[in-house]
Amino acid sequence: CYPMRYSLEGANSSGTLGGLNLDLTDYLNGDANRDKTTTIADAAAIMQAIANPDKYALSDLGEFNADFACDGLTVDDAVAIQKKLAGRAE
């Protein structure tokens, strides 16, 4: 899903979305660290970014991808990734 805080109206695979210049061809739900996979490392990156954003800031696309639960970047995104990886996605 695309995070709810962004409007897809007028967006294309390489354009502006929600005021950010994002290449949506690189969109992967949960891929906070932008390594082209969604793993426990992404959950850790989300937690670090929330706890200490000055030191562990995510890129714009990383934050966009990280919004796994589609409700804004929260600890719930890290939890949702962990549940999915454990086979317990809701």
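Buried means under 20% relative accessible area, exposed over 50%, and partly exposed in between (1.4 Å probe, protein chains only). The model is predicted: local features need pLDDT of at least 70, side-chain atom pairs count only at pLDDT 80 or more, and totals for chains, interfaces and linings use all residues. Residues are numbered from 1 along each chain as its sequence is written, and side-chain values use heavy atoms, with hydrogens and water left out.

**Exercise 1.** Determine which class of exposure applies to M47, and describe the surface patch that contains M47.

*Solution.* 
1. M47 is placed in helix α1; helices (H or I, at least four residues) and strands (E, at least two) are DSSP runs, numbered from the N terminus.
2. The relative accessible area of M47 is 38%, so this residue is partly exposed.
3. Together with I50, V75 and V79, M47 forms a nonpolar patch on the surface, of about 290 Å² accessible area in total. Areas come from the Shrake-Rupley method with a 1.4 Å probe; for residues, only the protein chains shown count as cover.
4. Patch residues have over 30% relative accessible area and no salt bridge, and nonpolar side chains (Val, Leu, Ile, Met, Phe, Trp, Tyr) are joined within 5 Å, like charges within 9 Å. A salt bridge is a side-chain nitrogen of Lys or Arg within 4 Å of a carboxyl oxygen of Asp or Glu.

**Exercise 2.** State which residues of α3 are buried, and how they are arranged about the helix axis.

*Solution.* 
1. The buried residues of α3 are D77, A78, A80 and I81.
2. Viewed down the axis of α3, these residues fall within an arc of 160 degrees, so they line one face of the helix. The arc is that of the directions from the helix axis to the C-beta atoms.
3. The cover over them includes α1 and α2 (60–66).

Key
Contact = heavy atoms within 4.5 Å.
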